[in-house]
Amino acid sequence: MTIDRTILIVPFLVLTKTAVSQDTNPMELCRDVFVRFMPCMGFVEGVFQQPSPECCRGVSHLNHGVKITPPGSREEHREVERVCVCIEIMANANHLPFLPNAISNLPLRCSLTLSFPISVAMDCSRLSAKNLDAERLN
């Protein structure tokens, strides 16, 4: 199952320009996010009832990467945008949609608060510092 997703993601990445950087290869830019978030795909798609321990560890690692950047800084915004764009690529390249209930349950089931957005209709191009601050308050 993982191999099938990789086959879908790689061609999509070749055709995709990311909002984060047009000079950076999306595969290089997103490699760590793909590795960390891939174990969550079955859960956010509704295939599995619970996120795997690997999923929770991966999301926790991504969270940590965002949190270690100075809050409110340009670097934090870039890191949040990068993680968002990479998950958006995964969502768009996959044949099963993310389920709203699974997405909202992911932080609860993994006992964490997300430091980056994830939704059914991912659109990371709409991220701004104001939107990130509002999202943190929710």
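Student: Hi! How many salt bridges does the count come to?

Tutor: Four salt bridges, in this predicted model.

Student: Let's start with arginine 31. Which residue does it form a salt bridge with?

Tutor: Its partner is glutamate 28, and the closest N and O atoms are 3.1 Å apart.

Student: And where do arginine 31 and glutamate 28 lie?

Tutor: Both are in helix H2, residues 26-37. They sit three residues apart, about one turn of the helix.

Student: Switching topic, what does aspartate 32 meet in a salt bridge?

Tutor: The side chain of arginine 82, at 2.8 Å from N to O. Aspartate 32 belongs to helix H2 and arginine 82 to helix H5 (residues 74-93), so this pair ties together parts that are 50 residues apart in sequence.

Student: Nice. What about the accessibility of aspartate 32 and of arginine 82?

Tutor: Aspartate 32 has 32% relative accessibility and counts as partly exposed. Arginine 82 is buried, with a relative accessible area of 11%.

Student: Which glutamate does the arginine 82 side chain meet in a salt bridge?

Tutor: Glutamate 79, again with 2.8 Å from N to O. Glutamate 79 is buried, as is arginine 82.

Student: So what links Asp32, Glu79 and Arg82?

Tutor: A network of salt bridges joins those three residues.

Definitions and conventions. Residues are numbered from 1 along each chain as its sequence is written. This is a predicted model: local features need pLDDT of at least 70, side-chain atom pairs count only at pLDDT 80 or more; totals for chains, interfaces and linings use all residues. Side-chain values use heavy atoms; hydrogens and water are left out. Helices (H or I, at least four residues) and strands (E, at least two) are DSSP runs, numbered from the N terminus. Buried means under 20% relative accessible area, exposed over 50%, partly exposed in between (1.4 Å probe, protein chains only).
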